[in-house]
Structure formats: structure tokens, C-alpha cells
Amino acid sequence: MSYGGEEHPVTVKRALTVAVSQLPLKDRHAIHKFCLLAGVRWTPTPPKDSGIKPGENAEHGYVKISCEDFPEPAMNLKWVSDRLDDLINEANVRFRSALLLDLAHVRGLAERQRSFQRRSY
């Protein structure tokens, strides 16, 4: 990528996009936990800038991790690879209790809607 001979911070950025179904996850519980842990990095369709064709459908979606914090591209790629490994390892750890979703934002929305309806005549 060239910026007219000028240095640009994005030249050291590295990104990794992978289908969740291609990761070494133990079972469906690990897949679900991986998607929860990935958070906003997980999408059901491939990101537009990933180079993956929109028609390619992965059963469990895609995860994209990127980094531009370090001065060398190889350091950024190593960080991305390490974070993916961390997510996989954590997702494969089984807990006796089920993961609970925090629904505070849903309860807050319902409360605001009720308050609005009381004020409307």
C-alpha cells in the first residue's frame, strides 16, 4: 500500500479474518462461547474488507481481529495471532455453570419505554 511515498500509520496494520467453523473448537458449547468472547469482532457474514466472497457461507460466522499498535507489521501480526489463540483456548475450557447473558441494557430500554408511555397522553 502506497501513500505517495509518505509514512502512514496504517502501513503497519495487520488483520486476520477466519471462519469460526475452521477453528479447532471442541464442540457446539465452545463455538457459542467463542462467539460470545469475540464480541463485536464476530459477525455472521464476512466483513466487507476481508477478501472473502460474500457468497461463501461459514456455518458459525467469522471473526476478524486487527492491530496497528506496534511499529513493525510482524509484531502486529504476532499480537493478532496470539489473541486468536487466547480466544480458542478460553472457549475450549468448560465450566459447570452456563454462561449468563447480561440483559441490563434490555431492562433499561423497557423501563425507558414504560416511562415514555406514562408521559404520553
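Asn-76 has a relative accessibility of 0% and therefore counts as buried (under 20% relative accessible area; exposed is over 50% and partly exposed lies in between, with a 1.4 Å probe and protein chains only). The model is predicted, so local features need pLDDT of at least 70 and side-chain atom pairs count only at pLDDT 80 or more, while totals for chains, interfaces and linings use all residues. Residues are numbered from 1 along each chain as its sequence is written, and side-chain values use heavy atoms, with hydrogens and water left out.

Asn-76 sits in helix α2 (helices are DSSP runs of H or I with at least four residues, strands are runs of E with at least two, and both are numbered from the N terminus). A polar atom of the Asn-76 side chain is 2.7 Å from the backbone oxygen of Val-12. Apart from neighbours within four places in sequence, Asn-76 is in contact (heavy atoms within 4.5 Å) with Val-12, Lys-13, Arg-14, Cys-67, Glu-68, Asp-69 and Phe-70.

Helix α2 itself covers residues 73–91, and its 19 residues at 1.5 Å each should span 27 Å, which agrees with the 27 Å between its end C-alpha atoms; the expected span is 1.5 Å times one less than the number of residues. The buried residues of α2 are Asn-76, Val-80, Leu-84, Leu-87, Ile-88 and Ala-91. The partners against which the buried residues of α2 pack are β1 (14–19), α1 (28–38) and β3 (62–67).

Leu-84 also belongs to the largest nonpolar core, which has 17 residues (a set of buried Ala, Val, Leu, Ile, Met, Phe, Trp, Tyr and Cys residues joined through side-chain atoms within 4.5 Å). Leu-23, Leu-25, Phe-34, Val-63 and Leu-84 have the most contacts inside this core, to which α1, β3 and α2 each supply at least two residues. Beyond its neighbours within four places in sequence, Leu-23 contacts Val-18, Phe-34, Leu-84 and Ile-88.

Trp-42 belongs to strand β2 (residues 42–43). With 28% relative accessibility, Trp-42 counts as partly exposed. Residues up to four places away in sequence aside, Trp-42 touches Val-20, Cys-35, His-60, Gly-61, Tyr-62 and Val-63. Trp-42 and Ala-19 are 23 residues apart in sequence, with 9.6 Å between their C-alpha atoms.

Note on methods
Polar contact = N/O pair within 3.5 Å; in protein donor to acceptor, adjacent residues only side chain to side chain.
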